Every structure is written in structure tokens, then in C-alpha cells.
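Subject: Structure for you to look at

Hi,

Here's the structure I promised to pass on. Have a look at it first, then read my notes below.

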Amino acid sequence: MDGLRIFLWRLHTAKKTKLASACRGLMITAWLVLSIPVQPAWSEDPTSSSSWFVDMSRFLKSAHGSLTCERCHAEMTVKGKVHPNREDPTAMKKNVVRTYDYKRCASCHPEAYKRFLQGEHAKALEKEKLALQSEGKEPPPQKSAPTCGDCHSSHYVQAKRSRVELGTQMIETCGKCHKAQEASYLKDIHGRMGVFLETKASAYCTDCHGAHTCESLKDKQKALAACLRCHKDATIRFAGIVIHGGSADISKKDPEKQASIALVGTIKPIAQVCTIILLAFFALQTFVWILRELHRRLRGR
Amino acid sequence: METNKRSEREKRVKSLMKPRLQTSAAALCAMAFCFMAFWMVGSSTAQEEPSECLDCHRQRNLNSNEGVLSSQRFCYNCHQEPGSHGDFRASKVSLQVKPEYFLTSPHRYVACVQCHTRVAQSPHRSLSGVQCASCHPRMYGAPGTHAEHQRVRCEACHTDSPFVTLDAANNQVKLAHTNDKQAPISLAKHKVTDVSRQEFCSKCHVSNNQVGAPTTVLPSKSFVCIACHYSPLQMGSPVFPVAIIIAAMGVVGTLAFWFKASVQGEVASVHRKVQLGSEAVWSKVFSWEIFPILKTFFFDVLLQRRILANGVSRWFIHSLIFYSFFARFALSFLALFLQKFSPESELTLTLVSKDSSFVATFNDLTGGFILAGVIWAMGRRFITKPEYVSTQEQDTIALVIIGLVTLSGFLLEGIRLLVGQIPPHVALSAFFGYAISRLFSVVDLGWQSMYGYIWYVHAFLWALFIAYLPFGKLKHIFTTPLSLLLNYKRG
Amino acid sequence: MRGQTVEQPIYWRFNVLHRVVHLVVMFAFIGVGLTGFSIAFSSWGQAQTFVWLLGGIDSVRYLHRFCAVLLYLCVTTEILWVLYFKLVLRGNLLGPNSICFSRRDLRYFRQHMGYILGRRQAPPPFDRFTWWEKFDYWTLFIGMQTMALTGLFLWFPEFFSRYFPGVFVNLAQVLHFDEAVLAVFYKFFIHTSVRHLRPEVYPGDWVIFTGKVTKETMMRAHPGEWAALNASQRGPGLGDQ
């Protein structure tokens with residue numbers, strides 16, 4: 001019994017293989033009958049770089065596995081450095097991802113760092129720093145602008161990932177902050193094709209929003225330029241198609257998009273209600289009809 | 001330790017290079033100086049070795065007890081100090097844990113980070129609270145108790161501390177870090193409650209508690225409740241065994257009455273009658289006749305063809321009650337099955353919880369169907385009175401019992417939603433119950449203590465149902481299918 | 001639709017063209033529904049499996065469009081038939097034998113509802129086509145137009161967004177999906193139940209595949225037409241569809 005359970009569990013977790021995918025219809029039946037462990041005994045956030053513990057077996061396999069600790073954490077070797085500093089009350093509360101000096105990444109990744117500096121995230125980060133200096137206010141952790149470490153795992157980053165793998169992980173990474181956008185993307189045809197049906201011809205986040213520049217596409221011309229990469233005959237109106245159509249991510253600054261979403265938002269419930277009413281009426285009518293004829297037949301009429 | 005050894009070694013090398021002609025005193029002084037100097041130099045150069053960082057920051061293998069103890073040591077570096085504290089609602093809460101107590105805990109070979117997950121990181125704060133479920137499946141032990149306390153976090157009951165609090169935002173009852181007067185308390189012992197003592201229930205189940213618990217500690221559901229609710233395999237409140245004994249007596253009486261009649265010509269010997277009867281059943285089950293019998297079972301029992309022949313509206317009334325009970329029984333039985341064989345799965349937790357949106361909606365819908373069926377039947381009996389409906393007293397008793405059980409169930413649900421302060425987005429799944437809870441919130445009749453009484457009324461009514469089964473109209477649940485199957489050919 | 005003589009107990013309801021069109025529509029509809037829903041519900045494992053079985057998303061999209069074009073070709077055939085029927089055969093499009101709705105259908109619908117709820121003893125004397133047959137026909141006919149229009153918007157968004165605002169593509173997505181749910185549920189469950197699972201016709205009504213009905217069926221299901229036939233003592237008139 002246990003052997004079968006473990007086999008089923010393996011099948012379930014191995015989502016990426018096609019064989020497992022083909023077996024999933026059977027799995028649902030099996031799920032009801034057999035116990036399948038939901039979690040392993042202990043799991044840690046697999047990408048968190050801010051954990052105090054480094055899993056050496058995974059680190060050595062990562063893209064950064066050949067680097068020494070000091071290559072990135074040079075400040076620890078400064079003379080007179082006390083670590084951990086118990087006298088400093090803020091030491092424990094420090095968010096390393098925010099305080100770490102990510103300029104050091106540029107020594108190996110200069111191009112990416114340059115593009116990051118041109119992008120929206122860097123601008124937001126700059127704004128945040130100014131606000132912190134002038135008002136001493138720190139943004140809530142979920143709303144703060146990302147540094148390198150917020151998106152990239154420095155200890156466990158993998159090398160040579162495929163386009164689909166990179167894309168699906170990218171959706172999760174960006175989705176940590178841009179939840180509504182992630183949800184609406186996954187409902188859109190690009191998301192359904194790219195993530196669920198694993199088509200590499202689909203567009204992932206950075207394909208439209210730019211690698212490391214992460215620009216907003218509110219400007220229709222910019223959006224059109226993104227569309228034109230794949231849709232060769234697109235015109236300026238084509239860029240008016242709403243991709244991120246959830247109600248939570250209506251941009252206040254974009255009245256056109258707001259109007260579009262409002263229009264869809266009015267017609268959609270009407271269509272749904274009509275569908276449900278029609279189907280419910282005919283289902284009930286058919287059901288009673290069948291009962292009536294059965295009754296007559298049983299009565300021998 | 002590493003640093004120490006290395007500097008000693010270096011000191012020895014250096015001291016060999018010293019001139020041997022110096023006096024012993026000068027040599028001693030010099031040696032002492034060198035020792036200190038190279039200690040310091042050695043320690044600063046040693047930091048260039050990468051292993052230095054990993055002395056502390058290597059992730060331990062938490063599958064080994066040694067790794068667990070080493071990981072605990074990392075946390076104890078700060079948390080065994082009496083000064084270790086956290087800021088909780090502008091007051092300092094002690095976060096000291098005493099190793100001497102913890103080493104006597106059943107959790108002594110469990111690392112801090114295995115329960116307090118995602119806390120060993122910067123910034124240093126707990127994001128997820130204590131995670132018990134990764135080792136202890138919730139529905140594995142004491143399923144009757146655990147099913148009723150789904151929104152109570154494990155540590156609220158299982159930690160030996162008398163203070164709990166209701167977190168309205170998450171709809172969770174949690175262990176409190178402060179006492180009644182909002183003064184911080186220490187949890188340094190990390191002691192696990194002895195659940196064999198019943199007193200620990202009373203930290204919530206007292207009058208005027210703030211966590212939304214009913215005043216009385218109610219018994220567990222009985223296994224006979226499985227007709228409508230998930231229930232563990234327990235006897236529960238004493239009214240149920242009493243009801244079962246009465247019902248069993250009724251069954252025996254009925255069977256005795258049946259076997260007074262002659263069986264295949266045999267009049268006198270009961271033993272012979274049973275023998276002949278069972279022989280007849282056996283020969284039917286293992287013959288081709290089983291197929292027409294199964295067909296009869298499917299059409300006449302499951303699909304209720306006979307009742308449809310009587311009338312479409314009668315079929316509707318009976319189906320509203322029969323299929324609702326049937327569906328509720330099927331779902332509760334599935335929940336019991338899953339709880340036995342898959343206590344840790346999400347599906348189990350969903351099906352045993354009354355507040356999960358699926359179960360709440362399902363129960364309210366089926367309960368509503370039963371009530372609608374009872375009201376429709378009553379209306380036909382007492383208001384519209386079509387000539388083909390003959391009213392017997394027995395029918396009315398059965399209908400009244402079923403109606404009252406359902407009604408008291410809805411009242412209970414309404415009071416539970418009101419007393420428990422279940423937030424509307426959760427409570428709305430139980431739409432009838434939520435409406436009742438809004439209605440009851442207008443007047444406060446001491447619902448917190450009332451809940452216990454109405455619970456017993458509901459339980460008593462169901463016990464009455466069970467006890468009444470072999471005597472009145474409700475007998476038809478078993479006798480009608482039986483007679484249909486026995487007389488299948490004549491039909 | 002060529003009528004036989006009244007003495008023979010067989011009556012023709014559908015000619016070969018209509019039987020072929022129904023067969024093609026049936027299979028194309030199943031194809032279009034399966035492929036369409038496997039794209040719409042691609043977050044489900046079953047849909048992913050199905051897409052994999054069909055050889056990936058590209059072939060699924062191709063199949064969906066192929067079936068859709070086939071469906072619309074059937075609709076075109078139907079329109080051409082109506083023109084042929086009206087202009088060449090000089091048929092009557094509005095008589096009691098027509099598939100078009102008339103005021104009488106409203107009365108029959110009311111009476112039929114009364115029969116279902118037990119207020120009447122017998123169903124009304126339906127003509128050549130009952131109200132639900134007409135409903136089936138027209139929902140599909142009209143539904144096909146909207147499905148085709150919204151489908152074209154989704155197929156060629158670049159072309160259509162030249163003349164319409166981009167939001168129309170979003171609207172097309174919403175309406176295409178809702179209409180699909182309506183059509184698939186109606187045709188797969190209600191249409192099949194009414195035509196095959198009703199005790200009166202159970203286990204199946206093969207008239208759409210054979211094209212002919214017996215005298216008993218005629219008297220039971222289409223008493224109005226039967227009476228008209230007997231009254232006029234002529235072969236059955238030319239009906240639409």
C-alpha cells in the first residue's frame with residue numbers, strides 16, 4: 001500500500017513529465033481512494049536568499065557555486081567587524097535584501113545592471129530612498145521596490161534554464177508583488193498558452209515589459225512596439241486590447257483602459273446571467289418533462 | 001576552536017625561530033606577547049577562509065538529531081538569554097526559551113526552524129507562525145475534537161498557557177503573548193499540554209469568553225450523526241446509546257413478529273423458519289434472478305419508480321427529503337473514510353470542516369431541500385388536501401421529527417456563526433445559517449450559553465429519530481425496499 | 001423531402017442533404033467544443049493531457065479552426081438550401097410546415113408547459129416541427145453567426161483591430177466563451193435528453209439519421225401535421241429544413 005502511495009505521489013509531483021500528465025485523470029480517482037501526502041516533512045522557501053542558512057549541496061550546484069563567500073560578502077572581512085552585532089538593536093530587523101549593496105552584481109553582470117538602472121524598478125527604488133532620507137518613512141515590505149535579490153536567488157540561482165522554465169518561474173517571481181497582473185495574465189491567452197500549455201512561442205513578462213527595464217506599457221506606442229515583435233500586422237488600435245483585464249489592476253492613470261474594462265465588466269455578467277438562466281430553465285423543464293412522461297408510462301396511460 | 005588551534009600552531013613555528021640565547025623570563029614575556037599577537041592576527045587572517053562563514057551559516061541536515069541540536073544551538077545563541085524579546089503591540093514580549101526545559105520536551109529533537117518556519121532570515125520575524133501540520137496531520141488523532149476546532153491553531157490548546165485570543169482578521173484562535181490585562185507573559189518553557197486532563201478545554205469554554213466558544217464543553221458527535229454530518233466512530237452523548245438500544249429492541253420485536261408467521265409452510269419451529277428463509281435468500285442471490293432483483297433495486301429503491309407512478313409532485317417531495325439525506329450521508333461517509341485513510345490531505349480538511357465553503361453550501365442546500373420537502377408535504381396534508389393524499393398520524397410524527405431536526409440544525413448553525421464571530425465572507429457560504437445569525441444578532445438572549453441547550457435539543461431529536469425508526473412510519477426506510485425486493489416479480 | 005403515398009406507413013422528414021449536414025455539424029460541434037474548452041480550461045490537468053494527446057497546442061488550434069470552418073460551411077449550405085427552396089422549388093417559408101416560429105407556437109408552448117406540470121392530460125397537437133425543434137434549430141443558426149463573428153475577431157485580431165477598438169477583441173473573448181458554454185451545455189445535455197432520453201422516444205430517435213418516421217410516430221408526435229395530411233389527402237408538403 002505504501003509503495004503504491006509513494007508511486008502515486010511521485011506521479012503527482014512530477015507535473016512536468018508528459019506521462020504523469022497523461023495519468024492525471026486516473027490520479028483523480030486514486031486521490032479519492034488513497035492517501036497522498038500533501039507536504040514533505042519539512043520544507044523551506046527554496047529560493048530565499050535571506051535565510052541565515054546556506055544549503056551547500058544546492059549552492060555548489062547553482063550558477064554561483066564557484067564563487068567564494070567573500071566574493072559577494074566582502075564587508076564581513078573588514079577589520080573590527082562584529083557579527084552578529086547584539087549591541088545594534090536594528091541589526092536583527094534589517095532586511096538584507098534592501099540593505100545589501102547590489103552594485104557588486106554589476107562586476108559580473110554589467111549589462112543587466114545597466115538596464116536595471118534604466119528601468120522602472122530602479123526609479124521606484126530611488127524614490128523610496130529619497131523618501132526614506134527626507135521623511136524617514138519605510139514602505140511596507142510588500143509594496144517596496146525590488147532590488148536584485150528580491151527577484152533573483154543569489155545562492156541557488158540555476159544556470160541554463162529553458163525558455164518555458166524561465167518563463168513560468170518568471171510569472172511566479174513577478175507575481176509575488178504584481179498579483180493581480182499575474183492572475184489576469186494567466187487568464188489571458190498568452191498566459192494559458194505559455195504557462196499551462198508550455199508553448200515557448202507565447203509571450204512571458206519580460207517579452208513585453210523588457211528584460212530588467214520592466215517598463216510600464218501605458219504608452220500605446222510602447223505597447224505597440226511590444227506587440228509588433230510577434231504580431232507583424234498590428235496597428236495602434238491592436239495595442240488597445242486589454243491583456244491584464246482583472247478588475248483589481250485597473251490603472252487609475254489610464255482612462256481608456258478603465259473604460260474598456262468597465263465595458264467588458266458590464267457585458268460579461270449580463271452574458272453570464274443570461275446563460276445561466278437559459279440553461280437552468282431548460283434543464284429544469286426537461287427534467288420535469290421526463291418525470292411527467294415516466295409517470296404517465298408507469299400509470300399505463 | 002579552529003582559530004585557536006591554528007594560532008597555536010603558528011605560534012609554535014614562530015617560537016622555533018626565536019634566538020635560543022635569551023633568558024627564560026624574556027622568552028616567556030615574548031612568548032606571551034607573540035601568543036596574543038598571533039592570536040589576533042591569526043583570527044583576522046582566518047576570516048579569509050570561506051569555511052569561517054559556514055561554521056554557523058551552513059544549513060544542517062535536520063533529519064539527524066545532531067543536526068537538529070546544532071541548529072537549536074544557533075538559535076539559543078540569542079534566545080536563551082533572559083533579555084531576548086520581541087516587540088508585540090508596543091510592549092516587550094519575552095522570547096526567551098530555556099534549554100533545560102526544552103530538553104525534557106517531546107520536541108527535543110525538533111529544530112526551532114522546523115516549527116517556526118521562515119523565521120531564520122533577515123529581517124528576523126515570523127511570517128508563518130508555528131507549523132505543526134507538517135509532522136502532525138490534524139485529523140489523525142482525536143478527529144471528533146479536531147474537526148470542530150478547525151479555526152483554532154494547534155498551539156492554542158496544546159501549549160501549557162492559559163491565555164488565548166481570537167484574531168478576527170484571520171478568523172483564527174491563537175495562543176496569546178499577553179495575559180487578560182494585556183501584560184506580556186513568558187512562554188519560555190515551551191511546554192506541551194497534557195491533553196488527558198479535560199480542564200484545558202475550560203480556557204475557552206467558559207461564560208463570557210472572548211474567543212467565540214460556547215459556554216459548555218459539548219460531547220463529541222456520535223457515529224449515528226453520520227446520516228447528515230461528518231462524525232467520528234464514537235458513541236458520543238449517552239442519549240445515543242439509549243436510542244440505539246431502544247431501536248435495537250424495536251428491530252428484534254419486529255423480526256420476532258415477522259417470524260411468527262409461517263415460512264414456506266413451516267409454522268412451529270423458529271429455527272426451521274430462519275433456515276428456510278435464509279436458504280431462499282441464498283438461492284436467489286446466487287442465481288440469475290439476482291439481475292432482475294438488482295434492476296428492481298435500482299429503479300424502485302434508488303430512483304423511486306413506485307412513487308413516481310403515484311404522482312410527480314409526490315416524487316418531488318419524497319426526493320427532496322430522500323436524496324438530500326442520501327447525499328449528506330454519502331458526503332459524510334466519504335469524509336469519515338478520508339479521515340481514516342488520508343488524514344493529512346487537503347480534501348479531508350475541507351470535508352470535515354463545517355465552515356469550508358463547499359461543505360457549508362452543500363449542507364445548507366440539502367438542509368433547505370429537506371425542510372422544503374417537509375413543508376410541501378405538510379402543506380398537502382393540512383392546507384391543499386388533494387383527495388388522493390391520506391393523512392395518518394404516523395406520517396405526521398415522522399414529518400415533524402425530520403422537520404424539527406432540520407430546523408434545530410439551522411438554528412444551531414445560525415447561533416454558531418453569530419457566537420463564533422465568523423466573518424461574513426466565510427459565513428456567507430452557509431446562506432440560511434448566515435441569515436439566521438443576522439436575525440439573532442438583533443436580540444441577545446445569551447446565545448453563547450443557549451448554544452449548548454439547542455445542541456442537546458438537536459441531538460435529542462436525532463436520538464428520537466433513531467429510537468423511533470423501527471416503530472413508526474420511518475420503518476419504511478428499511479421495510480419498503482425489502483418488500484419491493486421480495487415481491488419484485490409481482491411488480 | 002419527396003413525399004411517399006399516404007398508404008405506405010413511412011413519412012419522410014429529412015432529405016439526404018439535411019441528414020449529411022446534421023452529421024457533419026454533430027462531429028464538428030463535438031470537435032470544436034472539446035478543443036475550445038481544452039484551451040479555455042488549460043489550467044486543468046485534464047485539458048493539458050488532452051492537448052498533449054492531440055499533439056500540442058498548435059494542432060489543437062488548427063483543429064478548432066478547422067471544425068469551426070466546417071460548421072460555418074454547414075450554415076452556408078443551409079442558407080443556400082433555403083434560397084433554392086424558395087426560388088427554385090417555389091416552397092412556402094411561412095406555412096404550418098415551416099421551421100419558422102409562428103403565433104401558434106406560443107400557444108403550443110403554453111399548453112405544453114401545462115402538460116408537463118400536470119394541468120393537461122395530453123400534449124398539444126404539434127405541427128411538422130414542435131416548438132423545441134424550432135428552438136434547437138434557431139439557437140444553433142443564430143448562435144453560429146455570433147460564434148463565427150467573435151471567433152473571427154479572435155482569429156484575426158490584427159485585421160479587425162484596424163477597424164474596431166482593441167477592446168472589441170476582449171469582448172469577443174468573453175462572448176465567445178459564454179456562448180460556447182451555453183451552446184455546448186444546451187446541445188450536449190438538453191438537446192440529447194429531449195431527443196433521446198425522454199421515455200416517449202427512449203432509447204433514441206433516429207429520424208435525423210434515417211430521415212423517415214412511421215405512422216405511429218407521426219400520429220403521436222406530430223398530430224397536427226397528421227391531421228392536415230389526412231384532411232387534404234395529399235402528400236406531405238415541402239417543409240423547410
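**The hairpin in chain B**

In the hairpin of S3(B) and S4(B), four residues sit between the strands, and one residue, Asn171(B), takes a positive phi near 55°. Strands here are DSSP E runs of at least two residues and helices are H or I runs of at least four, numbered from the N terminus. S3 (residues 164-167) and S4 (residues 172-175) of chain B run antiparallel and are joined by four bridges; strands pair if DSSP finds at least two bridges between them. Leu166(B) has Val173(B) in S4(B) as its bridge partner.

Before you go further: this is a predicted model, where local features need pLDDT of at least 70 and side-chain atom pairs count only at pLDDT 80 or more, while totals for chains, interfaces and linings use all residues. Residues are numbered from 1 along each chain as its sequence is written, and chains are lettered from A and ligands numbered from 1 in the order in which they are written.

**Chain C**

Chain C has 10 helices and two strands, in the order β-α-α-α-α-α-α-α-α-β-α-α along the sequence. Its C-alpha atoms fill a box of roughly 60 × 40 × 30 Å along the principal axes.

**A residue in chain A**

Val273(A) is part of helix H15 (residues 255-298) of chain A. Val273(A) counts as exposed because it has 11 C-beta neighbours inside 10 Å; the cut-off for exposed is 12 or fewer other C-beta atoms within 10 Å, with C-beta atoms placed from the backbone. Gln158(A) is 115 residues from Val273(A) in sequence and 48 Å away in space, C-alpha to C-alpha.

Cheers

Conventions
A residue is buried if 20 or more other C-beta atoms lie within 10 Å of its own, exposed if 12 or fewer, and partly exposed in between; C-beta atoms are placed from the backbone.
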